[in-house]
Amino acid sequence: MMPIPLKEPVLIFGLAVLIFLLFPILMGKLKVPAIIGPIIAGIIIGPNGLEILARDSTIELLGTVGLLFIMFIAGLELDLDGFKRYRNRSILFGLLTFSIPLILGVILGLWLNLSILSAILFGTIFSSHTPLGYPAISRLGIAKNKAVTTVIGGTLLTDSLAMLFLAVITGAAEGHLNFGFWMYLIIATTLFAVVVLLITPSLTKWFFKRSNNEGTIEFNFVLAILFVAGAISLFVGLEPIIGAFLAGLALNRYIYDHGPLMNRIRFTANALFIPFFLLSVGMLMDLRVLVTSSDAILLTLLIPIVAIGSKLFASWTTGKVYGYSTAERKVMFGLSTSHAAATLAITLVGYRLGLFDQQIINAVIIIILVTCIMGPYFCEKYGRKLAIAREESVMDETLPERILIPMVNPDTMESLLDLGFVVKNAKKTEEPLYPLSVVQKDLKQANNEVAQAERMLEHSVMYASGADVAVKLLTRVDYNIGRGIERAATEERITTIIVGWDGKSEGGRKIFGRVIDNFLEHTYQRLLITTIKQPLNTIERVILLLPNNIVHKPGFADSISIMKSIASQLSATTKGLVIRDDLDMYEKTSQQVHPNVKIEFESIDSWNSFYKNHLNNVKSTDLVIVLSARRGTVAWHPELEALPKKIASMNLENFIVFYPTEMKETDIRGSRGTEIPKELLFKKDYDD
């Protein structure tokens, strides 16, 4: 019989890793931020649940390391330059979103008969926030909106003030509140901050110049800075998380957000240590306390109301002062209402010092579970409205127009190259086409397969020479075909990918199948997924399907230009079917882009109408082009994932699913140890 709770380290670690694997997947299915998964798991298997795991020294050690990583990454992610640019608005919002929740929290704490120190620390819990919804804002292309920059700049102030209050209160809780104590605390804290914020950057600059970009050495140096700063803070009389946060601020300018070193830090933290911290937090919750008395239930309801209401009032007040729209104020609320990293840190410190009891721990975990869902949801819902209302963005056109054509099936090679010729003419590029073959084999054993791939690609050279089009053959070796395509697109600075699809969605994936879905999710380039069974020169009509809000995508005008050029080169008539949107915007954009091809736009009231009344009348000489959108972007709709299968099931002979160019990088600032689903809305939200 296996002893419960588990004692064997291998069993404890194995169970934890299984939780870290399975619960985020489950949270993704439920459209819930991944941060909630380990917390719920801790509640279930912890000492107050099924008692499978004890919150022993091992869990506490790994959880403490995860907590230090969270605060370190918080310091690294703060946008110092953005705060300088928008300092006045950010300062006002930062002060309001810190002070209003703080004051209300202190009042509530005193009403709950907490001591003065406990009440102030209790208010500090409400005042901090984590902008969990920022990745969604970045995907929607509104990161430079004035309301968004106000919140992100204000986060610097709220995080810093929260850490300052935590330092003072923890020092006071462990010492005597006399003149000598305050002098020691002020001098020690000031010296510590000066050492970390002034000496550490100079030491870091000196070290990085001499590290020769050795990844392991640089990573270990960063870890040394993190944990030495945490250790010194203990000697000063502060919490280690204060040192971790200051260390992150000190290294803020030297660790680039999308650089390899930052990726290593995030990977190490997110894969192991932060999940252990979240698991340990969940183990603290005792659901039995929630139902022991009416006071416990009242407290559990009251605390989230104060936490959410105070952030809502701060966002509304700042928005009114600066004349922000209703959608902008709701986005501000969404970015500032999520309580996660700093809230957990402050709560655990208060619990360890005896300033908080079990009821407060339970209520804070409820706050985290509620606001981590609510915040990203508001960002996604009202961020879409901001993206639709913004002025048209200009895409980056500095890259040369290069077309990548992955070759898998020799039978489709000619149709893919023909489409490549047409797109090449549409973009008026002198660059060659880039036929690609990805060999799915171990690098050291791929010689024969690479030779076979090159022989297949040689046929594309002969075919392209007949059209007087230059080609550059590419071969990549990778166990993951999608990753091989993604790597080739990056290395060759590709702007368009044309790939064939047989209409089957094998591999259990939602849209096209495992390979295409993989690189669709991880690339930003223009992507044409094609099924073409008839010669292109026999096409007589091009039918464009334009889903709701697609006109607001930054790449829409470019996409319309390409599709008009395709119709022009094929001498085909063009019809545009717009689903539930204002036709004037589409007609205006079409008239503004070349070539001068007339598109006959027609409004459709629903997706079902499109399937029943339009797809059934498609002929073999028609080419259907669906202008689609990647998940999480302004024009995405759940129906777009089902659409390719429905079209394929109707045995259409010629269709293209066209994904416009997206923003190159999604800014994941604010995610701190969790992953936010790319869509958080309900299906009805997309039809508003």
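**View 1. A salt-bridge network that takes in K472 and E492.** In this predicted model, salt bridges tie together K472, R476, D478, R483, R487, E491 and E492. Zoom in on one pair from that group: the side chains of E492 and K472 come together at 3.2 Å, N to O. The two partners sit 20 residues apart, with E492 in the loop between α20 and β4 and K472 in the loop between α19 (447-466) and β3 (474-477). E492 is buried, at 12% relative accessibility, while K472 is partly exposed at 37%.

**View 2. E662 paired with K553.** Here the N to O distance of the salt bridge is 2.8 Å. This pair links distant parts of the chain, 109 residues apart: E662 belongs to the segment after β10, and K553 to the loop between β6 (541-546) and α22. E662 counts as buried because its relative accessibility is 11%, with the cut-off at under 20%.

**View 3. D558 meets K427.** These side chains form a salt bridge at 2.6 Å, N to O. It's a helix-to-helix link, from D558 in α22 (residues 556-569) to K427 in α18 (residues 413-427), spanning 131 residues. D558 is partly exposed, at 22% relative accessibility.

**View 4. The buried residues of helix α21.** Within α21 (residues 514-522), the buried set is V515, I516, D517, N518, F519 and L520. What do they pack against? Their partners are helix α20 (481-491) plus the strands β4 (496-500), β5 (526-532) and β10 (654-659).

How values were computed: Residues numbered from 1 in each chain as written. Predicted model: local features only at pLDDT ≥ 70, side-chain atom pairs only at ≥ 80, totals over all residues. Heavy atoms only, no water. Buried < 20%, exposed > 50% of the residue type's maximum accessible area, 1.4 Å probe, protein only. Helix = DSSP H or I, 4+ residues; strand = E, 2+ residues; numbered from the N terminus. Contact = heavy atoms within 4.5 Å. Salt bridge = Lys/Arg side-chain N within 4 Å of Asp/Glu carboxyl O.
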